[in-house]
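Subject: Handover of a structure, with findings

Dear colleague,

Please find below the structure that I am handing over to you. A summary of the findings follows directly after it.

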Amino acid sequence: MTATTVTSNGLSDRINSLTPSATLEMAAKARELRAAGKDIIGLSLGEPDFNTPDYIKEAAIQAINDNYNSYTPVDGYAELKDAIITKFKRDNGLTYDPSQIVVSTGAKQALYNVAQVVLNKGDEVILPCPYWVSYSDIVKLAEGVPVEVATSIDNDFKMTPEQLEAAITPKTRMLWYSSPCNPSGSIYSEAELRALADVLQKYPQIIVVSDEIYEHINYGVTAHASMAAFDDMYDRTVTVNGVAKAFAMTGWRIGYIGAPKTIARACNKLQGQVTSGANCIAQRAVITALTESPDRVQYMVDKFKERRQLILGLLNEIEGFRCNEPEGAFYVYPDVTAYFGKTLNGVTINNASDFAMYLLEHANVATVTGDAFGNGDCIRISYAASEDEIKEAISRIKKALD
């Protein structure tokens with residue numbers, strides 16, 4: 001009999017190899033410093049600073065009063081799935097039936113489900129950099145292999161068709177991207193997505209995951225487009241969305257997919273053995289959120305747009321920060337390589353992680369290293385904060401870098 005190998009801490013290789021979420025880790029460090037008496041301005045978390053709209057909260061209260069308290073269907077209430085189908089048709093021109101919809105406990109679980117049901121060991125997943133912080137580890141947990149494709153601020157952090165073609169190998173199984181992108185705020189236009197789809201026509205084994213969680217936080221420069229809207233990509237695209245960002249519902253934990261039926265039913269099967277159905281009250285509230293016009297949350301987008309202009313103006317006054325103009329989401333992703341190799345207040349800055357830590361410790365401002373997003377030239381700064389906080393934070397950063 002072969003003896004079982006036990007790691008030094010008694011935990012699995014799977015969890016020992018998992019990287020903690022950099023955004024959550026930075027938020028935790030900021031909380032620790034605040035608890036120690038430091039005045040920390042947090043620009044690290046991707047969370048709107050608005051309250052959930054009253055009309056959505058009222059729907060949740062009504063659900064409580066109507067005694068929604070039982071287990072929910074694994075893939076979501078039928079009424080919610082109908083609302084999601086209506087939303088996809090109204091906003092994206094996509095037609096799904098209920099068997100193609102799965103509601104999960106946040107878009108993150110939806111992404112995890114898809115990776116688990118599609119990937120086999122050694123399958124490669126193309127990730128245009130920068131990518132959302134959890135993509136790589138979600139792929140690794142499914143025993144897939146992340147294949148990072150570098151982009152730069154010069155092309156607004158968007159992957160070209162030529163780069164996609166060069167990254168494809170016989171082992172490529174999936175392409176994952178977000179648009180609008182977290183962390184860069186870049187948006188792929190319909191023409192740009194079509195050019196990527198043209199490459200993918202030669203590789204029918206590749207499934208696309210289109211993460212559209214920031215869809216409604218769009219500043220009107222580039223119209224939102226969905227890969228699944230192309231007839232020749234519909235049957236091989238999983239569209240992921242949710243209510244956390246546009247509706248200020250991060251803590252309600254509802255995400256969903258529209259997908260080919262085989263993938264959706266597989267996600268339902270997996271979820272049934274892991275978390276089962278999402279929270280009953282949250283689901284009832286989301287029916288209202290998705291049924292009502294997106295115009296009802298436009299006031300948040302308008303405010304984010306004002307803050308974007310404010311923070312870009314302030315950052316552009318700091319020598320060494322190189323910014324593009326994000327078209328969506330609520331982040332700026334400045335290139336800070338001008339500071340690499342420099343010593344500031346006795347601290348040598350070798351990379352973006354050093355730079356973000358320096359800002360936390362010497363400017364009392366929490367940001368996130370670009371290393372966590374697959375691009376080590378930048379840091380992510382959230383402007384989901386008040387104008388006063390943004391002004392104070394950038395003032396502190398400027399002073400710490402003088």
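Lys81 counts as buried because its relative accessibility is 8%, where buried means under 20% relative accessible area, exposed over 50%, and partly exposed in between (1.4 Å probe, protein chains only). Before I go on, please note that this is a predicted model, in which local features need pLDDT of at least 70 and side-chain atom pairs count only at pLDDT 80 or more, while totals for chains, interfaces and linings use all residues. Residues are numbered from 1 along each chain as its sequence is written, and side-chain values use heavy atoms, with hydrogens and water left out.

Surroundings of Lys81

Lys81 belongs to helix 4 (residues 78–92); helices (H or I, at least four residues) and strands (E, at least two) are DSSP runs, numbered from the N terminus. Its side chain reaches the backbone oxygen of Pro98 at 2.9 Å. Leaving aside residues up to four places away in sequence, Lys81 touches Asp75, Gly76, Pro98, Ile101, Val103 and Arg265, contact meaning heavy atoms within 4.5 Å.

Domains and their interface

The domain assignment divides the chain into domain 1 (13–51 + 297–401) and domain 2 (54–293); such bounds come from an automatic or database domain assignment. Between the C-alpha centres of domain 1 and domain 2 the distance is 25 Å. To the contact, domain 1 contributes 36 residues and domain 2 contributes 35 residues.

Together the two domains bury about 3,000 Å², with 58% of it on carbon and sulfur atoms. Buried area here is the accessible area (1.4 Å probe) that two parts lose on being put together, summed over both. Of the area that domain 1 buries against domain 2, Val297, Glu327 and Phe373 supply 22%, more than any other three residues.

The polar side of this interface can be described as follows. Between domain 1 and domain 2 there are 15 residue pairs in polar contact (both at pLDDT 80 or more). A polar contact is a pair of N or O atoms within 3.5 Å; within protein, one must be able to donate a hydrogen and the other to accept it, and residues adjacent in sequence count only if both atoms are side-chain atoms. On the side of domain 1 that touches domain 2, helix 2 (22–35) and helix 11 (298–315) each supply at least two residues. Helix 11 gives the most to that side, with five residues. The rule finds one salt bridge across the interface of domain 1 and domain 2, a salt bridge being a side-chain nitrogen of Lys or Arg within 4 Å of a carboxyl oxygen of Asp or Glu.

Nonpolar cores

In soluble globular proteins, nonpolar side chains tend to be buried together. The largest nonpolar core in this model has 114 residues, of which Trp176, Phe247, Phe321 and Leu401 touch the most other members. A nonpolar core is a set of buried Ala, Val, Leu, Ile, Met, Phe, Trp, Tyr and Cys residues joined through side-chain atoms within 4.5 Å. Helix 10 (residues 280–291) provides the largest share of this core, eight residues. At least three residues of the core come from each of domain 1 and domain 2. Not counting residues up to four places away in sequence, Trp176 touches residues including Leu111, Val125, Tyr135 and Val209. Apart from this core lies another, of 21 residues, among them Val147, Met159, Ile168 and Val208.

Salt bridges

How many salt bridges does a search of the whole structure find? The search returns 18 salt bridges.

Arg194 forms a salt bridge with Asp198, their closest N and O atoms being 2.9 Å apart. Asp198 and Arg194 are separated by about one helical turn because they are four residues apart in helix 8 (residues 190–200). Asp198 is partly exposed, at a relative accessible area of 42%, and Arg194 is partly exposed, at 23%. Arg194 also meets Asp232 in a salt bridge (2.9 Å, N to O). This pair links distant parts of the chain, 38 residues apart, with Asp232 in the loop between strand 6 (207–211) and strand 7 (237–242).

In helix 11, Lys303 and Glu306 lie three residues apart, about one turn of the helix, and they form a salt bridge with the closest N and O atoms 3.1 Å apart. Finally, Lys87, Arg90, Asp91 and Glu215 are linked in a network of salt bridges.

With kind regards
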